[in-house]
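Here is a friendly walk through one protein model, written for someone who likes to have the structure open while reading. Please have a look at the fold below before going on.

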Amino acid sequence: MRPCRMHIHRWQGLSIGSERPSVAAERIGRLVQELVNDLAWRKSASPELSAVLAALNSLDLAEGFAAPQSDPIVPGLRHIPAVIEQVSSESSGSLPEAALATAGYAAWSTFYARSEWSDAFVDDIAVGVLISPNGPLVSSSVIVGLFLQGSYTSYPAHAHPAAE
């Protein structure tokens, strides 16, 4: 399997310059609003979602945007063209469209180190952080990101402190 050396920012022709922070905040703000809309009707099914919704609603996207620091090689990003094709060809709804519009502003990584546990999937996933304590948009109360998983990729059971 050949690693993808395309950096998502170059692949989409984005250069994060002085005019880009407002565009990034606007697109990420739209994604946050779509998340709020999507989660609002689900909160009765899961009490944890009320806390997530409160955190999303309290975000201050005007706090500043830092150019994302992505890993130099993220093999899972090779699945981006398939995602674009699927979102473009289907009536996917506004949440997938909003997520795709933010992809060029995320700090992308493979997330997991290669190990016996991760070998089967690590080249077929990519994690793009949009809001976190370390940016690109800074928040100490919530982490918002994108998770890209290639077709037919098995992502095993796992655990972490963040609510999903």
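## A tour of the model

Tyr 152 sits in the segment after strand 4 (144–149); helices (H or I, at least four residues) and strands (E, at least two) are DSSP runs, numbered from the N terminus. The model is predicted, so local features need pLDDT of at least 70 and side-chain atom pairs count only at pLDDT 80 or more, while totals for chains, interfaces and linings use all residues. Residues are numbered from 1 along each chain as its sequence is written, and side-chain values use heavy atoms, with hydrogens and water left out.

Back to Tyr 152: its phi is near 60°, a positive value in a residue other than glycine. Most residues other than glycine have a negative phi. Tyr 152 counts as exposed because its relative accessibility is 87%; buried means under 20% relative accessible area, exposed over 50%, and partly exposed in between (1.4 Å probe, protein chains only). Phe 111 also has a positive phi, near 75°. Phe 111 belongs to the loop between strand 1 (107–109) and strand 2, and its relative accessible area of 52% makes Phe 111 exposed.

## The overall layout

How many helices and strands does the protein have? There are 5 helices and 4 strands, and from the N terminus on the elements run α-α-α-α-α-β-β-β-β. Of the protein's 164 residues, 40% count as buried. The accessible surface comes to about 9500 Å², and 54% of this belongs to carbon and sulfur atoms; these areas come from the Shrake-Rupley method with a 1.4 Å probe, and for residues only the protein chains shown count as cover.

Contact here means heavy atoms within 4.5 Å. Among contacts in the protein with a separation of 6 or more, 67% are between residues 24 or more positions apart.

## The nonpolar core

In soluble globular proteins, nonpolar side chains tend to be buried together. A nonpolar core is a set of buried Ala, Val, Leu, Ile, Met, Phe, Trp, Tyr and Cys residues joined through side-chain atoms within 4.5 Å. The largest such core has 28 residues, and those with the most contacts inside it are Leu 56, Trp 108, Leu 130 and Ile 131. Two or more residues each come from helix 2 (20–40), helix 3 (48–57), helix 5 (94–102), strand 2 and strand 4. Helix 2 gives the largest share of this core, 6 residues.

Which residues does Leu 56 touch, leaving aside its neighbours within four places in sequence? Leu 56 is in contact with Val 32, Leu 35, Val 36, Leu 39, Val 142 and Val 144.

Ser 132, in strand 2 (residues 125–132), counts as buried because its relative accessibility is 7%. Apart from neighbours within four places in sequence, Ser 132 is in contact with Leu 137, Val 138, Ser 139, Val 142 and Ile 143.

## Helix 4 against helix 5

Helix 4 (residues 80–89) and helix 5 pack at an angle of about 145°, with their axes 10 Å apart. Axes are lines fitted to C-alpha atoms, for helices over the stretch in contact, and angles run from 0 to 180 degrees between N-to-C directions. Helix 4 contributes Val 83, Ile 84 and Val 87 to the contact, and helix 5 contributes Pro 96, Glu 97 and Leu 100.

| Pair | Residues apart along the chain | C-alpha separation |
|---|---|---|
| Leu 95 and Val 36 | 59 residues | 9.9 Å |
| Ala 67 and Pro 136 | 69 residues | 6.1 Å |
| Arg 27 and Thr 102 | 75 residues | 5.9 Å |

Leu 95 lies in helix 5 and is partly exposed because its relative accessibility is 22%. Setting aside neighbours within four places in sequence, Leu 95 is in contact with Leu 31, Glu 34, Leu 35 and Asp 38.

Ala 67 is in the loop between helix 3 and helix 4, and its relative accessible area of 43% makes Ala 67 partly exposed.

Arg 27 has its place in helix 2 and, at 34% relative accessibility, counts as partly exposed. Beyond its neighbours within four places in sequence, Arg 27 is in contact with Ala 101, Thr 102 and Tyr 105.
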